[in-house]
Amino acid sequence: MKKLSILGSTGSIGQATLDVVRRHPQRFRVVALAAGSNVELMARQIKEFRPELVTLSDEDAAQRLKERFRELTVLSGAEGLIKVAKYDEADFVLSAISGSSGLVPTYEAVKAGKTIGLANKETLVLAGELIKRLARAPIIPVDSEHSALFQCLQGHRRENIRRLILTASGGPFRGMKKEQLKHVTGQDALKHPTWQMGKKITIDSATLMNKGLEVIEAHHLFEFPPENIDVVIHHQSIVHSFVEFIDGSMLAQLSLPDMRGPIAYALSYPERLEDILKPCNLPELKTLSFEAPDLETFRCLTLCYRALKMGGTAPVVLNAADEMAVEAFLAGHISFIDIPVIIEEVLNQHKVSQIQDIDDVLKADQWARKKFNEILEAMN
Ligand code: MG
């Protein structure tokens, strides 16, 4: 029986994780849950999964939850989140809080020696070297592309692999040019063609920033240099990534776009669970297409490679600037095509330093947010 702690249990990955647990109650037990402020959903999850410890980041929401479950330990705030991340009873932590706020709790879980199912890509984007230095237990990818690579790499020697190729759906604006992208709105960008996800990652899919962050994530997970990690647009989202070998042969992992696949694989690795995904009906799929990304129009991808090559604090700054840019875009303060422009400007003004500990990450993050606001103000 694997004992799970889930960080971000009310988000889309958290809910999909609980659905896998629901189907395999003899294999998994949920011992701790963490979420933001969704009292109703958390209450339902408590009733169904009976965790021993829960936390909500929002203090008021936690107070309301406490009133409903007087017997249960309900924590709150940043401290509560860390307690759930390090909870003694858990041996597996599913890290699914979105964005840079997922870093500190995941870092604490790694330090506590937990096996990590990693859906929060920012953990490795922001502090890859540090996390790997500290990890005593495996970090298993949950991001669908990295899970695909992880699955394809099983049983193969590192020296026989030449290249990792991440697939990208291309998002809702695939094929559009700068001129057409000038006036797209947040609402347009939130209509993702194949995946149902949170807002931040959906906008990042539209700009290709998400794919760039995934290149950085893959670099840390699998220890390949940036020049051996490529991206191909595959809008059906059936092939989740490729591994290319030195003999020119390739392996790919295919499945319908459903996060329960990679989640179940991470939870049960090296075994597989029965009946998680509806298998692909190949004759019905008919065609799978692939094309090179348009790097001229979707510049965020190039910026990610640049930040990865700059190293040190550069990816932290890139990520913070992107989080700010997505927020500003959704609020209508900047246009879609301004997103890479401001991020690049923040990156240009950054003096890279090395990351020794988590405070260096947080400092660079703060610097980038402040710089972003200065640049934004100067633009208006
Ligand atoms: Mg992904």
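Author: Contact here means heavy atoms within 4.5 Å. Keep in mind that this is a predicted model.

Reader: OK, what do the buried residues of α3 pack against?

Author: Start with who is buried: in helix α3, residues 59–68, that's A61, A62 and L65. Seen down the helix axis they fall within an arc of 100°, so they line one face of α3. That buried set packs against α2 (39–49), β3 (53–56) and β4 (73–76).

Reader: And which residues touch the most other members of the largest nonpolar core?

Author: That core has 128 residues, and its largest share, 11 residues, comes from helix α15 (residues 314–330). Leaving aside neighbours within four places in sequence, L65 is in contact with V39, M42, A43, I46, V54, L56 and V74. The residues touching the most other core members are L65 and L318.

Reader: Which residue caps the N-terminal end of α3?

Author: Look for a side-chain oxygen 3.1 Å from the backbone nitrogen of D60. The residue it belongs to is D58.

Reader: Switching to aromatics, is the pair of F150 and Y269 stacked or tilted?

Author: Their ring centres are 4.9 Å apart and the planes sit at 50°. Stacked needs under 30 degrees and edge-to-face over 60, so with planes at 50° this pair is tilted.

Methods: Residues numbered from 1 in each chain as written. Predicted model: local features only at pLDDT ≥ 70, side-chain atom pairs only at ≥ 80, totals over all residues. Heavy atoms only, no water. Core = buried A, V, L, I, M, F, W, Y, C linked by side-chain atoms within 4.5 Å. Buried < 20%, exposed > 50% of the residue type's maximum accessible area, 1.4 Å probe, protein only. Helix = DSSP H or I, 4+ residues; strand = E, 2+ residues; numbered from the N terminus. Arc of directions from axis to C-beta. Polar contact = N/O pair within 3.5 Å; in protein donor to acceptor, adjacent residues only side chain to side chain. Phe/Tyr/Trp six-rings, centres within 6.5 Å; stacked < 30°, edge-to-face > 60°.
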